[in-house]
Structure formats: C-alpha cells, structure tokens
Amino acid sequence: MSETKQQSHYMPFGAELREDGLVRFQLWAPAAQRVEVYLNVPATGSERLPSLSEAILLPMEAKPGGWFSIITELACVGSLYYFRIDEDVLVPDPASRFQPGDVHGPSEVVDPAAWAWRNPGWCGRPWEEAIIYELHVGCFTREGNFAAAMDKLDYLVELGITAIELMPVADFPGSRNWGYDGAYPFAPDNQYGRPDDLKALIDAAHGRGLMVYLDVVYNHFGPEGNYLMHYAPQFFSDRHETPWGAGINYDGNDSEPVRQFFIHNALFWLEEYHLDGLRLDAVHTMTDDSTPDILTDLAQRIRSHFGGSRHIHLILENDHNAAHFLPRDRDARPQFYNAQWNDDFHHVLHLLLTGESTGYYIDYTHEPVQLLGRCLTEGFAYQGEPSAYRGERRRGEPSSHLPASAFVSFLQNHDQVGNRAFGERIASLASPEQLRAATVLLRLAPSTPLLFMGEEWGCIQPFTFFCDFGPELAKSVITGRQQEFARFAQFSAPESRECIPNPMAPETFNRSVLDWAACDLKEHTHWLELNRELNAVRQQELIPRLDKMAGHQKPFLKLGDRTLAASWVLGDGSELFLIANLDSQGIAGIKWPPGKILYATHNALTGKHGDVELPPWSVVWLLKAGGTSA
C-alpha cells in the first residue's frame, strides 16, 4: 500500500483556504434570510482575541438550497470569525477547524497544510494486529494535553500496544469533559492544544508503528454551544428521539446536507489528520429509516474514498448487536465496519468476577458461563433473544458466521468504569486471582482486545463522570446524575445519592487523572509485567495467524458450572485451545488438548495428556500449529 496523502480535506462547509490565498466561507442556513461573516483579523503573531468593534461585516451570497457563501481576500490564516444570522445573533462556524475561545467564541481560519508530516508514507496496519489502548487526553497525564500524551508513546510501545483510541476530542464547553458533549465536531478542543498539536501526536505515533483511532459522536450535539437551531433546525428530527433530546435528521426533509456534514467529518479526520480509524459512539441512537441508512452510507463512502491505499478501521458501539454492519467479503475483508465493541463479553465476565446482578447485568445471571462461551466462539451473547433488562425486547442478530476479529473485547472501558456511581475500576472490585484469570482470558482470545488507560498496572484510581457546563446547565446535570442511580437499591434514599461525586466539581476530574507514580509501586509492577508478557505472546504467536480467520467456529464445551473449554481454527490452519476455570473451587478430570502451552496462569499446569486438575481461577491457552484439527 502506498499513496501521496492529502494535507487537507475539501468540504462544502466552513472556511476553506484556497490555493490562491483567498478564503471561502460557506454555511448551510436554510432558516435564515440573511447571513454575514463577522470577521476579525488579528495582527501577525498576536495572541490577543480582537474585540467585536474591530470586526468587518461581509454579506454572504444566498444560494439555492439554503446555502450562503462568500470568497474574500480580507481573511487569512488566523482570522477569527463568526456568522451573523439575520442581523441578530452571532454564531461560531459549525464546521470550525478550531475554537480558540471555546464553544461560544469565534472560529479560526486554519491552514490544514501547515503541518509538515514526518511520516507521510504511513499506511497503517492490518486490523488483526490491533491491541487497543483507550485513553482520555485530559486524564492520561497531569498536563492533560496532546503534547504530554506524545511523551508516553514509547511507554505504550514497550507495553506492546499497537493502537491508541482517543476518547472524543471535538470542542466541548468548559475546561473538562468526557468528550461526548462536543459542539464542534471538526475542531480539536483548545484545552488539549491546537490542530497541529494533535497532528504532531498522530505523526509521532505513526513513527513508532502505533495506529491512532478517534472516538466520534454522530448521534447528538452537546447541550451547550450548539447554535444550529437558530439557522438550521433541519439538523434535528421531529420523529426520532435520543437520550439527549431530538435525534439527528438523517432521513427526513432536508436531510441530505445533514448526512453530508457527518460523512465529511469522518473523511476529514481520516484524511486531514491521517487517523487510522474511527470508533462511532452509540450508533443504536442514530435512527434512520432511509436506504441506505447513514451507517451504511458513511462506511461505503469511506471505503470508496480510500480504496486499498490505506488500512482504515471503523468500529461501532451498538447496543442492538446489529451483525449486518460487520460482513466480510470473499477475501475476509470488512465490507462496512471492522468490528463492534462487545458489551456482552464485558457484562458476563464482570458478573462472573464480581457477582453483580443489577442493571444490565441481570441479563447474564442465568448460565453465565454458557453466555461467556457463546461470546468467545460466536461473538454476541444476545443474537435475537429477549432481554429482561430491556423489558423482554429481543436484542441482537445472529453473529456466529463472523470471525472473532469482528468483536472488540474488554474488561473495562470509559463507560463500564465511569458510568458506575463512584467510577470503580475492576481492580478494586475483583481479587488479584480473579483479575489475573480474566486478563489472561481476554488478552489471548482471538477477538481484538482493548485496555483502558491504567488497566495495565492494575490501577485502582476511580474514573468518574465529569463535565464543566455553564451555570444554567450545572444544576440539572448534578440532579440528573443523582437520579440516574435512584433505581438502584443502595441509592434509593435521597441522602444516599448525596455521596455520588459531583460531576461539575474540579476535584471529581482531578481524582480521575492518572497518577503515573503508582505504576512503579511494587503492588503494580507485576501487573505491568503480566500485561507486557501477554501482549508479546499475542504479537508473536497469535497475530501472524489471525488473517483470514473464518467464522462458524466449533461450539464450546461447558465442563462445570463455571468452567469451559473452547477451540478456534485460525487463519493459517493452526488450532487455538482454551481451558478456563472461573470458580473459587478447583475442578478435576479435565482432558488436556493437544498443542504447546502459550500461557497458563498456574505453573503447576503441565501439557501432559490425560486428566488434569484445574486450580481455582485458572486459565490455559494452547496452540497446535499447522493443519486443521480432525
């Protein structure tokens, strides 16, 4: 694979710096009668945001379909601007490439070609090579910015990570946020750095062989800083609702510019920032009754745009377990999306580790080992069965035909930690023996593994929900967070909910920032060594064998109430075996499969044929190389 990478992505939205030095401003404002560019031109090298009294007003030409446009020599790189709607309200550019003064401030004209890429020939890595590390830029380091994250890249390489997944960086209100309240999806948040700082991080990662994915949000806009209702209410649906309010209009009247806005956003990040992939957040809330639906349309456009020139990886979070978005072609290549986050795997394994059975864990209380085996060998636990948590609504689609690489598995991620009332990590909830068994089980399974920042050293710091909205939203956010847990028995009394961390408080955020000094403490170094060892085994023994691995694998075997065995035929014909005892009691009479031991949690386990006794919380992986098993 090779290509000459584009330095910028052309789109019909926003401010575009043309080759002749002029700037084109364009806005879709179908509800407006008149639009002007409210332009500020700062002095060269000035850090000052000019006052509005220094502004130049430039009337934009109205064009068919609700578009307004102007090309001008009065703007340049660094110019700050608003759009003025109907001689009244000033609004930032919804396609702004940078918001130096946050969500209510002016947008900035950016030169996308200013960054000189040091690794322009990078074309990515195959999906099967992904060992993903999810991180929040603001909490990953004490400095909380792109530059400080770059200083940790060598550490991640030594850990054996091959892909970084950034939680959303699109401009959000205030100084701290998970990122899912973004108002400007094309603009990296100024708390983390400027656009070129993010490009520097991605460039440096590529120079070390690391892929970089970005979490993007196409199901809603954040509640603060979004001015679209003033001039383009057609962005929102009057038929579809989401947990955050009106749904995005992907299928109603005037929906085509809306669809193109988000499709261009995906292409923008992949092309202009050289990202290796995107993770689409909560796509089950993106209701679209048209054909093709937005998810299919977006994936097809991306695949067509890049062809075979680069490895582009597209990942879904989808509570519907919609396997039809994950098909492979005859060469085992993803037609639309590479994989989906497999919440089923997390939920059932979490239940086995902790015994928790409230909330969505109620769906996994009956025969949890049966459901875990199904996740390991077929992908989803729920493939059309009724879900008690969802009022007996059927959930999911058949997935056994898909390869293991169509699923991303994890012990924790930002949601599964941060959506808990106190943000406890799994290392605070499970014993060391349980956690070791679960880690070994996850990391050497053929599905794609994901770690959440700090997991590699057994971090016990909480990661809680935090935000920094203005005063008009603050009270409702705090109340809403408390009410979210009112249905749980331990928070049924109002006074019990008062102890839930205040998401608006700076200390809630500060407690979530990783303490890297803990990584070197004795109680954590052995976890770091374990994770490095497992990643090395995966890279050396499994990854070279995963390409073209098929679905329709053999059924697993249930060996006891909490014990199972499974096997997979890998892409090169080798066979991978698993025996796992996830019980506090040992189990005897286990027949040992053929093959060499890749990893075992207990040194006493040998590879001798015949009956073997498995200690409590033990996991063994074996590999029989070459030819398929009879």
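Biologist: In this predicted model, is Phe452 buried or exposed?
Modeller: Phe452 has 0% relative accessibility. The cut-off for buried is under 20%. Phe452 therefore counts as buried.

Biologist: What kind of aromatic pair do Phe452 and Phe463 form?
Modeller: A pair of aromatic rings is described by the distance of the centres and the angle of the planes. For Phe452 and Phe463 the centres are 5.1 Å apart and the planes stand at 75°. Planes over 60 degrees apart count as edge-to-face, so the pair of Phe452 and Phe463 is edge-to-face.

Biologist: How many residues apart are Phe452 and Phe463?
Modeller: Phe452 belongs to strand 23 (residues 448-452). Phe463 lies in the loop between strand 23 and helix 11 (471-484). The pair links distant parts of the chain, and the two residues are 11 residues apart.

Biologist: Which residues of strand 3 point the other way from Val35, Val37 and Leu39?
Modeller: In a regular strand the side chains alternate between the two faces of the sheet. In strand 3, Val35, Val37 and Leu39 point one way, and the other way point Glu36, Tyr38 and Asn40.

Biologist: Why is strand 3 largely enclosed by the rest of the structure?
Modeller: Strand 3 covers residues 35-40. It is largely enclosed because six of its six residues are buried.

Definitions and conventions: Residues are numbered from 1 along each chain as its sequence is written. This is a predicted model: local features need pLDDT of at least 70, side-chain atom pairs count only at pLDDT 80 or more; totals for chains, interfaces and linings use all residues. Side-chain values use heavy atoms; hydrogens and water are left out. Buried means under 20% relative accessible area, exposed over 50%, partly exposed in between (1.4 Å probe, protein chains only). Helices (H or I, at least four residues) and strands (E, at least two) are DSSP runs, numbered from the N terminus. Rings of Phe, Tyr and Trp (its six-membered ring) pair if their centres lie within 6.5 Å; planes under 30 degrees apart count as stacked, over 60 as edge-to-face and the rest as tilted.
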